[in-house]
Amino acid sequence: MTTEVFATAATAFARLVHALPTFEGPGLGEWDLRALVGHTSRSLTTVSAYLQSPAETADLAGPVEYYAAVSEYLAGADAAGVTERGVQAGRALGDDPAAEVDRLVAQALSDIDGVGDPVIKVFGGYGIRLSDYLVTRVFELAVHSLDISRATGIPADLPPDVLRCATLMAASTAVHFGHGETLLLALTGRVSLPGGFSVV
């Protein structure tokens, strides 16, 4: 099931990229639009890359634990380095970003086809099941597709199964970090979320 939702999210991202009339202009924060698209495409390239690095044990029990590890890692990471990786990924899309994204989607889907659910090694050397890692990629593809949509005014048109997976991931992560009550109250119209609130 996770592979199908990942395929749907990747296809929706590619469709959005094809709808962009330009890759110039603002994107998100320090990223221009090309860098934002490039950063989003890393949710495809990392799948292909990490499948080449098997791990012996699943150090991370699931996608929520993955984001807990990411949060700890980013607390000591060089923010400029994270930004630069997005910029470099944008440059790597070349003269025809839409065609390159199509190629990356096809490669990622080909790579996960028939491999089962191996334990793969991700950032920091952590091991995680492929199925759990793909949930995080659905989340990233969904959120950044919405970022691209907000930056350009072009609808992301995310399919319901993608939105469901990403939203459940966000809610579970909020609970893990102690924000479950705040999120639940906001979702039921009791309160407004604090400014700058984020589950990741």
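This is a predicted model: local features need pLDDT of at least 70, side-chain atom pairs count only at pLDDT 80 or more; totals for chains, interfaces and linings use all residues.
Which residue just after α7 takes a positive phi? The residue is Gly178, with a phi of about 85°.

**View 1. Helix α7 and its buried face.** Helix α7 covers residues 160–176. Look for Val162, Cys165, Ala166, Met169, Ala170, Thr173 and Ala174, which are buried. Seen down the axis, these buried residues fall within an arc of 165°, so they line one face of α7. They pack against α1, α3, α6 and α8 (180–187). Turn to the other side of α7 and you will find Pro160, Arg164, Leu168 and Val175, which are exposed.

**View 2. Helix α5 and the glycine that follows.** Helix α5 runs over residues 97–112 and reaches 23 Å from its first C-alpha to its last, close to the 22 Å expected for its 16 residues. Buried here are Pro97, Ala98, Glu100, Val101, Leu104, Val105, Ala108, Asp111 and Ile112. They cover an arc of only 160° around the axis, which puts them on the same side of α5. Just after the helix, Gly114 has a positive phi of about 75°.

**View 3. Val37 in the largest nonpolar core.** This core has 57 residues, and those with the most contacts inside it are Phe6, Val37, Leu44, Tyr66 and Val122. At least two of its residues come from each of α1 (2–19), α2 (33–50), α3, α5, α6 and α7. Now find Val37: leaving out residues up to four places away in sequence, it touches Phe13, Val17, Leu20, Phe23, Leu93 and Ile148.

**View 4. An aromatic cluster around Tyr67.** Tyr50, Tyr66, Tyr67, Phe123, Tyr126, Tyr133 and Phe139 form one aromatic cluster. The model has a count of 6 aromatic pairs. One of them joins Tyr66 and Tyr67 edge-to-face, with 5.3 Å centre to centre and 90° between the planes. Both of these tyrosines are buried. Tyr67 also pairs edge-to-face with Phe139, at 5.4 Å centre to centre and 70° between the planes. This second pair links distant parts of the chain, with Tyr67 in helix α3 (residues 63–75) and Phe139 in helix α6 (residues 130–152), 72 residues apart. Tyr67 is buried, with a relative accessible area of 5%, and Phe139 is buried too, with a relative accessible area of 8%.

Notes:
Residues are numbered from 1 along each chain as its sequence is written. Side-chain values use heavy atoms; hydrogens and water are left out. Rings of Phe, Tyr and Trp (its six-membered ring) pair if their centres lie within 6.5 Å; planes under 30 degrees apart count as stacked, over 60 as edge-to-face and the rest as tilted. Buried means under 20% relative accessible area, exposed over 50%, partly exposed in between (1.4 Å probe, protein chains only). Helices (H or I, at least four residues) and strands (E, at least two) are DSSP runs, numbered from the N terminus. The expected span of a helix is 1.5 Å times one less than its number of residues. The arc is that of the directions from the helix axis to the C-beta atoms. A nonpolar core is a set of buried Ala, Val, Leu, Ile, Met, Phe, Trp, Tyr and Cys residues joined through side-chain atoms within 4.5 Å. Contact means heavy atoms within 4.5 Å.
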